[in-house]
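Let us walk through this structure together, one piece at a time. Keep the viewer open beside the text as you read.

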Amino acid sequence: MDNNELIELQKIIKKGGAGTELATRQFCEGIKDTIKRMLSSISYKYSQEYLEWGTNEAFLAFRDNWDPEKGKYFKVYLWRYVKERVRTAIAKDKGRELSIDVSLGNDDDEETSTIKDIVESNELSPEDTYKISELSQILTNTFNGMDSRTQLIMIAYFTNNSTSREIGQNLGVVHTTVMRNLNERGIKPLRKKIVVFFEDQDLKYDEDVVLNALCNFLTERGIKDENET
Amino acid sequence: MKTKHRTIEELLVYLENPIGSKEDGTVEEHLAECDKCISDLSFLDALRAGLKEFGQNSRRLVESGISAHLTNEEIPGYIKNVCNEDEKIKIVTHLAGCDKCSYDVMSVENILEQLKSEMTLGQKIISLSQFAIKYPVRTTSLKKEGNELIREAVKNCMVPFSLGRAFSYSFRGADVSGEGVGEEYRKMETDDFIIEIIQPAGKEANVVIGILAKGDLENAKVTICTEKEESGIVSLVNRRAIINKKDIEAEAIRYIKVEKM
C-alpha cells in the first residue's frame, strides 16, 4: 500500500458513509505487518491484544492527526509518532504512570514537551520563525548553486516521484549512480549548510526549525520571481 | 545498538517501498532503536515535502501560462551553467512544474554527456543522429555540438548525412534539393570527394550513392553506416563511382566515409 493509496483511504474514512468500513479494513490489513514489527521493536511480548491496540492507535492517528498536505509519508509518521503512543499505552498497561500527556523530559523540567504536544503542536515562536526564514533562504541559495544534473535529479526524485531507475534511464546512468549523486551532491550539501547555520550562530541544532525550513524552502522565492517577470 | 546505521541511500529506498513491505523489516528493526536514523528519515521526508510543495506551485505557474516552456537556447545555457542566477531560478521553477521540459532537459543532458565521453567519431554521429530523430523539436538546442561534429567528421573523410539534414548544415556547396522532382537528394563533400545520395521517389528501400573524386584516383574505400558499418573498395571510372543500395533508405544512412586508396 503506497502513500497515495493511504491518502485516498483517509479521504473515504473522513467522509464517512458506506465505504468507511471497507476502507478501515483495507487500512488495518495494509499496516498489520508494520505494526507487528513496531511491537517487536518496543521489546514487549507480542500478543493479539497489543496488535489490536497498536492498530487502533495507528488508525486514530491516521484518521485524526496525519495530514498528507504537510507532505509526510505515513510510514515515517508511524515510526516517529505512533510508535511513541503505542509504547506509552503498553507501558501504562503494565502499571507505569504514563499517558500521552506525560512529559518526555526530566520530571522536574517544566518546559519539556509531551507526546501530545509533539503530535499536535504547530505553534512557533517569533524567534523560530525568523530562524526558519533565514535557514530557508540559505537552503534555497544552496539548491540554486547546484549543477543542473543534481537539480534535475532532485526535482525528478522528490517532486515528480520518479524512481531512481526511471531517472537513470533518462540520464543514461545506472540507478545507483542516481542515488549516489542525489546523496553526495544534493542532500549532503544541504545538510552541511544546516549544520553550519547552527554552528555559526552558536545555536543548538533544532530539528523543528530544520524541518519547517525544508518544507518552505524554494517555494516563496520561485513564485515571487515568476510574478515579477 | 544491535544493528548498523542506515545510509541515506538505504533510507531513500525504504521510503520508496510501499507500507508493510517485507524488505522493510531490518530497517525498521534499526529505526526502533536509533534516533539518529529516525532523524535522517524525517529530514528526507521534510525535504521531499519542501520540493513537492515547490513542484505544486511551479505546476500552477506552468498551467496558468506564467511560466513559459523552455526554449532551445535556454536548455544548453542551463546545463552548461552559463545563464545568470535569475535565469537559472526561472528555469528550475519551470522544470519543477513541467514534466515534459524536465524530460527534454534530461535527454539533452544525457546526449551532451555521451558526446563528452570517449566515444569514437562514428558513435558520436550515431548517438546525435538518434537524438535528432527522437527529439526533432529539441535538435537545435544542440546546434553548436552538431555543427562541430559535422566539421570534425568531414576532416576525417566522413559525411554525416543524418546530421547535415538535422542541423540544416551547408558547407562547400552542400545542397538539399530535388523535392520538386519527387526524389530526395543530398550532397556533401570532404577534402577529397563529393558524395551524393539520391533516393528515387516511391522506392523506399533503394538509395543511389554517387562518389566523385576531386583528384585523379582509381579506387576508393567506402564505408556506409546505417545501424552497422559496411565497407568495400570501389573502382573509380573518370573519377566517379555509383553505388546502388537496394536494401537501405537514405533516411537510415548515418554517415558515409570515403577514403583515398
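Where is B:Arg239 found in chain B? B:Arg239 sits in the loop between β7 and β8 of chain B, where helices (H or I, at least four residues) and strands (E, at least two) are DSSP runs, numbered from the N terminus. Before going on, please note that this is a predicted model, in which local features need pLDDT of at least 70, side-chain atom pairs count only at pLDDT 80 or more, and totals for chains, interfaces and linings use all residues. Residues are numbered from 1 along each chain as its sequence is written, while chains are lettered from A and ligands numbered from 1 in the order in which they are written.

B:Arg239 has a positive phi of about 70° although it is not a glycine. Most residues other than glycine have a negative phi. B:Arg239 counts as partly exposed because it has 16 C-beta neighbours inside 10 Å. The scale behind that label calls a residue buried if 20 or more other C-beta atoms lie within 10 Å of its own, exposed if 12 or fewer, and partly exposed in between, with C-beta atoms placed from the backbone. A:Asp202 belongs to the loop between α9 (175-200) and α10 (207-216) of chain A, and A:Asp202 counts as exposed because it has 6 C-beta neighbours inside 10 Å.

Now for the sheet in chain B. Four strands make an open sheet in the order β1-β9-β6-β7 (chain B), with antiparallel pairing; two strands pair if DSSP finds at least two bridges between them. At the edges are β1 (158-159) and β7 (229-235) of chain B, each pairing on one side only. Strand β6 (residues 219-225) of chain B is joined to β9(B) by six bridges, and the two run antiparallel. Toward β7(B), β6(B) pairs over seven bridges, also in the antiparallel sense, and β6(B) and β7(B) form a hairpin with three residues between them. B:Lys221 is a handy landmark: B:Lys221 stands opposite B:Glu259 in β9(B) and opposite B:Ile233 in β7(B). Of the seven residues of β7(B), the number buried is zero, so β7(B) lies largely in the open. In the loop between β8 (240-245) and β9 of chain B you will find B:Ala250, which counts as buried because it has 22 C-beta neighbours inside 10 Å.

Next, turn to a helix pair. Two packed helices are described by the angle between their axes and the distance between the axes. For helix α7 (residues 121-134) of chain B and helix α8 (residues 143-155) of chain B, the axes come within 11 Å and cross at roughly 145°; axes here are lines fitted to C-alpha atoms, for helices over the stretch in contact, and angles run from 0 to 180 degrees between N-to-C directions. In this pair, B:Leu121, B:Lys124, B:Ile125 and B:Leu128 in α7(B) meet B:Gly146, B:Leu149, B:Glu152 and B:Ala153 in α8(B), with contact meaning that C-beta atoms, placed from the backbone, lie within 7 Å. By class, this contact has five nonpolar, one polar and two charged residues; Ala, Val, Leu, Ile, Met, Phe, Trp, Tyr, Cys and Pro count as nonpolar, Asp, Glu, Lys and Arg as charged, and the others, Gly among them, as polar.

The buried residues of α7(B) include B:Ile126 and B:Phe131, and the buried residues of this helix pack against α6, α8, α9 (161-166) and β9 (255-260) of chain B. B:Ser127, also in helix α7 of chain B, is partly exposed because 19 other C-beta atoms lie within 10 Å. Leaving aside residues up to four places away in sequence, B:Ser127 touches B:Ile111, B:Gln114 and B:Met119.

Finally, step back to both chains. Chain A has 11 helices and zero strands, and 34% of its 229 residues count as buried. At the interface, 56 residues of chain B are in contact with 52 residues of chain A. The largest share of the chain B side, 19 residues, comes from α3(B). The residues on that side divide into 26 nonpolar, 15 polar and 15 charged.

Key
Contact = placed C-beta atoms within 7 Å.
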